[in-house]
There are 2 protein chains.
Amino acid sequence: MTSGQHPDGVRITGHTIRDIRFPTSDELHGSDAMNNDPDYSCAYITLLTDRPELTGHGLVFTIGRGNEICCAALESIADAVIGRTLSSITDDFAAFSRELTGDAQMRWLGPEKGVVHMAAGALINAVWDLYARLARKPLWLLLSELSPEELVRCVDFNYLTDALTPDEALKLLESMTPGRKERIEQLRNNGFPGYTTSAGWLGYSDERIRTLCREAVTQGWTHLKMKVGVSLEDDCRRAAIIREEIGPDRFLMMDANQAWDVDEAIDNMRVLADFDPHWIEEPTSPDDVLGHAAIARAIKPIRVASGEHCQNRIIFKQLMSIGAIDVCQIDSCRVAGVNENLAILLLARKFDIPVCPHAGGVGLCEQVQHLAMFDYIALSGTTDGRLIEYVDHLHEHFTDPVRIRQGHYLAPSRPGYSIEMKPESLATYEFPDGPVWKQRLARTA
Amino acid sequence: MTSGQHPDGVRITGHTIRDIRFPTSDELHGSDAMNNDPDYSCAYITLLTDRPELTGHGLVFTIGRGNEICCAALESIADAVIGRTLSSITDDFAAFSRELTGDAQMRWLGPEKGVVHMAAGALINAVWDLYARLARKPLWLLLSELSPEELVRCVDFNYLTDALTPDEALKLLESMTPGRKERIEQLRNNGFPGYTTSAGWLGYSDERIRTLCREAVTQGWTHLKMKVGVSLEDDCRRAAIIREEIGPDRFLMMDANQAWDVDEAIDNMRVLADFDPHWIEEPTSPDDVLGHAAIARAIKPIRVASGEHCQNRIIFKQLMSIGAIDVCQIDSCRVAGVNENLAILLLARKFDIPVCPHAGGVGLCEQVQHLAMFDYIALSGTTDGRLIEYVDHLHEHFTDPVRIRQGHYLAPSRPGYSIEMKPESLATYEFPDGPVWKQRLARTA
């Protein structure tokens with residue numbers, strides 16, 4: 001800890017867990033080849049401490065039904081932190097992470113995947129939020145000021161050592177220590193490049209797509225993403241509209257949201273190649289490491305991107321080591337929190353693969369910006385080929401929402417991991433008893 | 001349906017879901033390198049129908065904590081079957097399976113992995129149990145009398161077609177149709193070979209291991225499995241004892257329960273090779289397809305076995321297509337039920353890999369025997385190199401427990417999937433309100 005207060009003095013005394021849902025399916029925001037009617041939701045946890053003003057926040061992002069299962073999982077695991085001092089966790093953060101993900105009985109339910117792993121991620125992120133608030137720093141800065149040794153101590157290297165050892169990780173971090181300060185300064189001045197997905201949802205009309213593309217260009221976006229995967233004919237028509245609107249020099253990314261089998265992905269991307277896609281995202285199942293590798297080989301030079309549904313560091317290790325992805329899309333709420341994302345960022349550095357975080361949803365933009373900024377400062381040293389996804393929904397519910405200028409994320413300046421939602425939003429959208437849901441459920445009853 | 005009654009006439013009217021736990025950690029039954037104190041448990045579902053005497057049973061096997069999350073997941077998904085006729089499911093079983101595993105909102109929580117996928121498996125298995133009871137056949141026989149077309153219609157080929165198409169699957173099944181009747185007869189006469197894990201738990205003393213080995217040999221077992229992975233020195237000592245007791249001609253399998261990193265697995269198996277292991281099971285993370293492939297290449301001719309923690313057919317597809325496993329260990333409660341296991345059996349046939357199901361736990365032996373027997377009759381046509389795991393715990397709680405003779409599973413003859421637990425066992429071991437738990441919790445309170 002280089003400033004702020006020492007975590008010794010803080011004890012976690014309790015938690016609240018809430019089921020929060022937004023009825024986004026009304027407007028077909030977030031509609032894609034796999035998810036036609038998402039109600040963006042989250043299982044939201046607040047850690048309470050022996051200081052009334054000091055809390056930590058974390059969430060599991062889901063798209064509606066099943067959010068209650070994530071709440072149940074949080075209820076099952078969150079007592080593990082009650083009564084502990086913050087320093088008893090942060091002094092050996094990898095051990096804490098292993099305690100949650102490696103508990104022999106709970107591990108059976110994964111291992112390290114699915115609902116229980118996502119709940120562990122939310123709890124771990126809430127501890128980081130608390131830690132950064134106590135340190136009075138935004139998370140990206142807290143991480144960027146930890147020493148290489150401290151960072152390596154946060155990482156669980158189980159199942160990674162054939163690709164990356166703690167020693168190698170230390171050397172990678174040490175090699176990038178010079179220049180950290182300058183990059184922090186540059187980041188504060190320039191922000192971090194982003195791309196927008198707001199124009200490309202499947203449920204939007206052609207006219208709406210056209211209007212949104214024009215708005216995006218006016219706002220300064222140079223990279224836009226569209227959803228594909230339900231109908232190749234429709235995809236071509238929509239790609240043509242977007243390409244026409246953004247011109248040949250801006251970048252168009254495509255996202256199939258796992259809609260295709262392997263051979264289908266290869267065939268379809270050979271057709272969609274006409275529209276010069278910068279990458280194809282989630283062309284098939286996120287579990288199919290070899291399938292992604294086959295697709296990547298077949299459609300070069302179109303890049304393959306994946307990660308938002310990759311369950312843990314072991315999948316990322318394989319995708320990267322075999323050349324199955326050209327773009328690594330970390331997600332703040334899928335894996336076991338900041339710590340497992342540190343492992344994934346280290347792997348990406350080792351295999352020289354640019355990190356372009358997945359965002360959107362509920363609070364994902366708010367969170368992943370911190371990880372991308374840390375990656376720039378302490379690992380990659382560059383923003384070339386790096387982009388954070390941006391979707392312009394639901395930010396108004398957060399106390400420290402992202403700030404975008406000319407297609408760039410501005411560096412957060414407030415302490416924490418930017419996960420905290422406004423009390424009035426929590427109250428309004430709580431499921432099923434908040435006023436928004438009470439009304440809706442009464443109407444359909 | 002070749003006999004029994006048509007599922008048209010039956011409607012599912014409700015369900016009960018119960019949290020059942022056995023305090024097995026008292027005796028260190030089931031202790032291995034990863035699971036040192038399992039309380040074998042299950043989330044148990046009973047489907048009720050409009051015929052009072054006709055029910056269907058399914059379960060998610062867990063090892064204790066977290067069982068309540070599986071119950072919550074079952075509560076969230078099981079209403080999908082209420083009000084439906086059985087035939088509306090069985091007429092297009094793959095569609096029903098996709099409805100459960102592909103529901104856009106629930107799918108986010110996996111996809112197709114972890115708690116939600118396991119719950120889907122339990123629900124699907126309960127429908128099969130019901131179906132087989134109505135047909136008045138044990139499940140293995142019901143499956144073995146379905147036509148190749150009917151079997152292919154049960155399978156979700158999503159993400160499989162680069163390795164196996166529905167046409168190929170049909171041809172594989174058709175090629176094995178001749179001889180089905182003879183194999184059914186042979187199975188009824190001879191049973192299906194098994195192996196025992198009862199002697200090899202990590203928590204047992206050397207003397208207990210020795211005694212159990214002698215008992216196993218006396219009972220006619222020719223294949224025994226031991227747990228390894230906590231200490232190489234201990235593993236060597238215990239392997240020496242077992243080898244001494246069983247002699248050079250019986251088979252000794254080893255199971256590391258994911259304890260090792262890739263290079264560690266290779267190094268350790270080069271040492272343990274002295275004891276002539278028949279296979280090494282779960283040498284590393286079940287997610288590490290490439291890691292298993294590296295281990296398999298390095299330790300030939302020792303076989304690599306995996307599957308009990310493999311989340312779905314997509315992982316099996318990769319493990320088999322790349323030669324990462326020599327033995328395919330299906331599990332009845334990890335994937336999406338009988339239907340996804342049919343996909344995995346078809347893949348195993350395609351890649352010519354013997355299927356040796358994982359069992360033990362709560363009711364796993366009872367269930368997987370049906371799948372192995374179907375595999376023999378309709379797909380592999382042989383029992384050479386095939387074995388069903390056997391562990392002699394908790395069978396007394398089932399209404400149709402496995403029957404073992406001279407190291408062989410006898411073919412079940414009662415209708416259903418053999419999942420049903422006795423009402424008195426359910427009442428006694430329900431958590432936390434059954435008498436066994438009430439007493440224990442009162443004692444520790």
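**Exercise 1.** Which residue in β3(B) stands opposite Ala43(B)?

*Solution.* Keep in mind that this is a predicted model. Start with the strands: β2 of chain B covers residues 41–49, and its pairing with β3(B) is antiparallel, over 8 bridges. Now look across from Ala43(B): the residue standing opposite is Val60(B).

**Exercise 2.** Find the order of the strands in this sheet of chain B, and explain why β1 and β3 stand at the edges.

*Solution.* Step one: the 3 strands run in the order β1-β2-β3, in an open sheet with antiparallel pairing. Step two: β1 (12–21) and β3 (55–62) of chain B each have a single partner strand, so one side of each has no neighbour in the sheet. Step three: from one strand to the next, the twist averages 15°.

**Exercise 3.** Work out how chain A is related to chain B.

*Solution.* First, superpose the chains: a rotation of 180° with 0.0 Å of shift along its axis places chain A on chain B, with an RMSD of 0.0 Å. This is therefore the relation of a two-fold axis. Next, compare the contacts: 100% of the contact residues of chain A recur in chain B, so the same surface serves both copies. Finally, locate the axis: Gly114(A) is the residue of chain A that comes closest to it, at 2.3 Å (C-alpha).

**Exercise 4.** Which residues touch the most other members of the largest nonpolar core?

*Solution.* Among the 306 residues of that core, they are Trp128(A) and Trp128(B). Now list some neighbours: Trp128(B) touches residues including Phe93(B), Leu139(B), Cys154(B) and Val338(B).

Methods: Residues numbered from 1 in each chain as written. Chains lettered and ligands numbered in written order. Predicted model: local features only at pLDDT ≥ 70, side-chain atom pairs only at ≥ 80, totals over all residues. Heavy atoms only, no water. Pairing = 2+ DSSP bridges. Helix = DSSP H or I, 4+ residues; strand = E, 2+ residues; numbered from the N terminus. Axes fitted to C-alpha atoms, helices over the stretch in contact; angles between N-to-C directions. Least-squares fit on C-alpha atoms with pLDDT ≥ 70 in both. Contact = heavy atoms within 4.5 Å. Core = buried A, V, L, I, M, F, W, Y, C linked by side-chain atoms within 4.5 Å. Buried < 20%, exposed > 50% of the residue type's maximum accessible area, 1.4 Å probe, protein only. Lists of a residue's contacts leave out its neighbours within four places in sequence.
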